[in-house]
Amino acid sequence: MAPYPFDLIVDLNSGGNLVITDMNHKVLLKVKSCNTTFHHGRMLLHADGTPIVRVREKILSKHNRWKVFKGDSTSSSNMLFSTKQPSIIQFKTSLHVFLANKMNEKDVCDFKIKGSWSKKKCTIYMGDSHSSTIIAQMRKMQKSKKDKFDKDKFVVTISPNVDYAFVITLIAIVDAMKNLDKEYAEQISTSTSQVIGATAS
């Protein structure tokens, strides 16, 4: 964190891998996919590859819940916070964040994300009221003539005294959720095409 606002660049690579740099393109953090047979997951790493947190999807969760653990752990004693969608069906990006001590369904969230992921225009708030404090904001990166891959990058402005690793973890969760939605849609499309093809033959 820093006592002043600053910008980070998030580079979206395929398969859920992210690279986070400062505006001078110095690598600060990385996000790696760590899916298993039974869980979808991500790992937030320091630039040198040291684990910071592990993110894991909760199986059979109707609200698309994810849990975040300290380091490389998946132990409940090392859980830092969890996230869930406030509604099962939603047309804009919305995610609620609960610290580890809040496990009740009726608990008010500690942080929330709202906006449009497709437009790379999301805001992260502290609290759950209309007057909640903004801790980070996403925006599209201006296109550069020199860099043809700018379409896969966006900028995150981090507010003063906010842990940017926490912000990047939330972004990694939303990215993972959107990737899964895309995979499921492709699977349904493929299955439908196969059924239509079999019926036609």
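Figure 1. R54 is buried, with a relative accessible area of 15% (buried means under 20% relative accessible area, exposed over 50%, partly exposed in between, with a 1.4 Å probe and protein chains only). The model is predicted, so local features need pLDDT of at least 70 and side-chain atom pairs count only at pLDDT 80 or more, while totals for chains, interfaces and linings use all residues. Residues are numbered from 1 along each chain as its sequence is written, and side-chain values use heavy atoms, with hydrogens and water left out. The side chain of R54 meets that of D72 in a salt bridge of 2.6 Å, N to O (a side-chain nitrogen of Lys or Arg within 4 Å of a carboxyl oxygen of Asp or Glu). Because R54 belongs to strand β5 (residues 51-57) and D72 to the loop between β6 (66-70) and β7 (79-84), the pair ties together parts that are 18 residues apart in sequence. D72 is partly exposed, at a relative accessible area of 46%.

**Figure 2. Salt bridge between D7 and R139.** The count of salt bridges comes to two. In this view the side chains of D7 and R139 meet at 3.3 Å, N to O, in a salt bridge. The pair links distant parts of the chain, 132 residues apart, with D7 in strand β1 (residues 6-12) and R139 in strand β11 (residues 133-140). Both partners are partly exposed: D7 has a relative accessible area of 24%, and R139 has one of 38%.

Figure 3. One helix and 12 strands are found in the chain (DSSP runs numbered from the N terminus, helices being H or I with at least four residues and strands E with at least two). Along the sequence the pattern is β-β-β-β-β-β-β-β-β-β-β-β-α. The strands form a closed barrel of 12, running β1-β2-β3-β4-β5-β6-β7-β8-β9-β10-β11-β12 with antiparallel pairing (two strands pair if DSSP finds at least two bridges between them). From one strand to the next, the twist averages 20° (axes are lines fitted to C-alpha atoms, for helices over the stretch in contact, and angles run from 0 to 180 degrees between N-to-C directions).

**Figure 4. Strands β9 and β10, with T123.** Strand β9 (residues 111-116) runs antiparallel to β10, and six bridges join the two. G115 has C122 in β10 as its bridge partner. T123 lies in strand β10 (residues 121-126) and is buried, with a relative accessible area of 11%. Not counting residues up to four places away in sequence, T123 touches K112, I113, K114, I134, A136 and Q137 (contact means heavy atoms within 4.5 Å).

**Figure 5. L170 in helix α1.** L170 lies in helix α1 (residues 164-200). Its relative accessible area is 0%, so L170 is buried. Residues touched by L170 are F81, T83, V97, I113 and I124, not counting those up to four places away in sequence. The C-alpha atoms of L170 and V55 are separated by 9.5 Å, with the two residues 115 apart along the chain.

**Figure 6. The chain as a whole.** Of the 201 residues in the chain, 41% are buried. Among the contacts with a separation of 6 or more, 31% are between residues 24 or more positions apart.
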